[in-house]
Amino acid sequence: MKIHQWLLLLVFLFVIPLVSSQVQTLGTYKVGDCVNLIQLCDNCTYNNITSITSNPEGGILIKGEFWMERNGTHYNYTFCGNGYAGQYVVNGHGDENGLDTVWAYDYYVTPSGYRNILGLFIIMIGVVYGIGLFGFFGRNVWVSIIGGMLMMTLGLFTLMNGVDIYRNFMTESFSYFTIGLGAFFAIYAGLDLIDENL
Amino acid sequence: MLGNVIGGFIVILVGTSLMPTVAQQVGLAQGNENVTGASDTLVGLTTLFYALAIATSAIGIAALGLRQSGLM
């Protein structure tokens with residue numbers, strides 16, 4: 001192949017993803033919340049949702065023709081079946097310029113309603129565990145008690161919200177472990193203080 | 001002595017300030033359908049553990065004060 005053919009191939013490789021990336025993201029929502037699925041079209045007479053699928057759990061949640069409520073150029077369908085954490089893909093179609101046109105976008109559902117905060121979680125877990133361990137093994141009663149309390153609140157938080165986009169058996173086990181270890185650090189240090197002074 | 005009094009005061013202050021939040025979160029966690037059985041009991045005990053930590057701090061600082069003042 002000559003140089004210009006290689007360049008043409010390179011241009012195609014860059015253009016193909018731009019053409020095929022029709023799926024857009026609506027945002028991130030909390031598990032169990034209702035989501036307003038919107039579509040904008042200035043010259044459509046209708047827009048219908050044909051299916052909503054959930055990955056990795058859930059599979060096909062709805063399938064058929066679901067009419068979206070129109071308000072000017074704004075079409076809306078409220079979907080409340082967001083029981084699983086993961087990616088939800090919405091497929092639909094509308095008559096843009098008189099032609100039946102399909103569209104698709106996705107949104108994410110996470111236990112906390114936030115995504116890509118794993119770094120924050122790692123820092124938070126590191127700091128809280130650091131305070132607890134430093135207080136306990138450094139024989140500092142007050143730091144140990146306050147670290148233990150922090151660990152209990154961290155355990156409760158991860159139990160409710162999971163860790164970033166994950167909430168499964170492992171995150172729940174981590175939560176219970178953190179609550180237990182925090183309680184041990186705090187109560188042991190308190191009892192040790194009483195014991196030393198009696 | 002003063003360091004222990006300040007340390008104990010801060011721990012009790014922070015602990016009692018966070019106590020309602022912890023109790024509320026425990027209630028919410030127990031209302032979650034994923035938390036059942038032994039997990040539900042353990043989560044319910046978190047409020048007690050938390051309160052025990054504050055109580056032992058208060059008792060500990062009182063014992064320390066009494067000991068250092070020669071009353072115990």
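Visitor: Let's start inside chain A. At what angle do helix α2 and α3(A) pack, and how far apart are their axes?
Guide: In this predicted model, helix α2 (residues 118-137) of chain A packs on α3(A) at an angle of about 150°, and the axes are 7 Å apart.

Visitor: So do they run roughly parallel or roughly antiparallel?
Guide: Roughly antiparallel, because angles over 145 degrees count that way.

Visitor: And which residues make that contact?
Guide: From α2(A) you have A:F121, A:M124, A:I125, A:V128, A:Y129, A:I131, A:G132, A:F134, A:G135 and A:F136. On the α3(A) side, the list is A:V143, A:S144, A:I146, A:G147, A:L150, A:M151, A:L154, A:F157 and A:T158.

Visitor: How does the contact of α2(A) with α3(A) split by class?
Guide: There are 14 nonpolar and 5 polar residues, with no charged ones.

Visitor: And the crossing, left-handed or right-handed?
Guide: α2(A) passes α3(A) in a left-handed crossing.

Visitor: OK, over to chain B. How does α3(A) pack with α2(B)?
Guide: Helix α3 (residues 141-161) of chain A and helix α2 (residues 37-68) of chain B pack at an angle of about 165°, their axes being 11 Å apart. The two helices are therefore roughly antiparallel to each other. Their crossing is left-handed.

Visitor: Which residues meet there?
Guide: α3(A) brings A:W142, A:I145, A:M149, A:M152, A:T153, A:L156 and A:L159. They meet B:V43, B:T46, B:F49, B:Y50, B:A53, B:I54, B:S57 and B:I61 of α2(B). By class, the residues of that contact are 12 nonpolar, 3 polar and no charged.

Visitor: What about α4(A) against α2(B), at what angle do they pack?
Guide: Helix α4 (residues 169-196) of chain A packs with α2(B) at about 20°, with the axes 8 Å apart. That makes α4(A) and α2(B) roughly parallel, because the angle is under 35 degrees. The residues of this contact divide into 15 nonpolar, 6 polar and 2 charged. The crossing of α4(A) and α2(B) is left-handed.

Visitor: Changing topic: how much space is in the largest pocket?
Guide: About 650 Å³. Its lining counts 26 residues.

Visitor: Which of them lie nearest the centre of the largest pocket?
Guide: Those would be A:V31, A:G83, A:A85, A:P111 and A:R167.

Visitor: Which element gives the most to that lining?
Guide: β8(A) does, with 3 residues. β7 (86-96), β8 (99-110) and α3 of chain A each supply at least two residues of the lining.

Visitor: And how do the lining residues of the largest pocket divide by class?
Guide: You get 11 nonpolar, 9 polar and 6 charged residues.

Visitor: Where does A:P56 lie?
Guide: A:P56 is in the loop between β3 (47-55) and β4 (59-67) of chain A.

Visitor: Last one: what's the phi of A:N97, positive or negative?
Guide: A:N97 has a positive phi of about 55°, although it is not a glycine. You'll find A:N97 in the loop between β7 and β8 of chain A.

Terms used: Residues are numbered from 1 along each chain as its sequence is written. Chains are lettered from A and ligands numbered from 1 in the order in which they are written. This is a predicted model: local features need pLDDT of at least 70, side-chain atom pairs count only at pLDDT 80 or more; totals for chains, interfaces and linings use all residues. Side-chain values use heavy atoms; hydrogens and water are left out. Axes are lines fitted to C-alpha atoms, for helices over the stretch in contact, and angles run from 0 to 180 degrees between N-to-C directions. Helices (H or I, at least four residues) and strands (E, at least two) are DSSP runs, numbered from the N terminus. Angles under 35 degrees count as roughly parallel, over 145 as roughly antiparallel, 65 to 115 as roughly perpendicular and the rest as oblique. A crossing is left-handed if the near helix is turned anticlockwise from the far one by less than a right angle, and right-handed if clockwise. Contact means heavy atoms within 4.5 Å. Ala, Val, Leu, Ile, Met, Phe, Trp, Tyr, Cys and Pro count as nonpolar, Asp, Glu, Lys and Arg as charged, and the others, Gly among them, as polar. On a 1 Å grid over the protein atoms alone, a cavity is a set of points where a 1.4 Å probe fits but cannot get out, and a pocket is an open set with protein on both sides within 12 Å along at least five of seven lines; lining residues have an atom within 4 Å of a point. Grid points are joined across faces, edges and corners, and a volume is the space filled by probe spheres set on the points.
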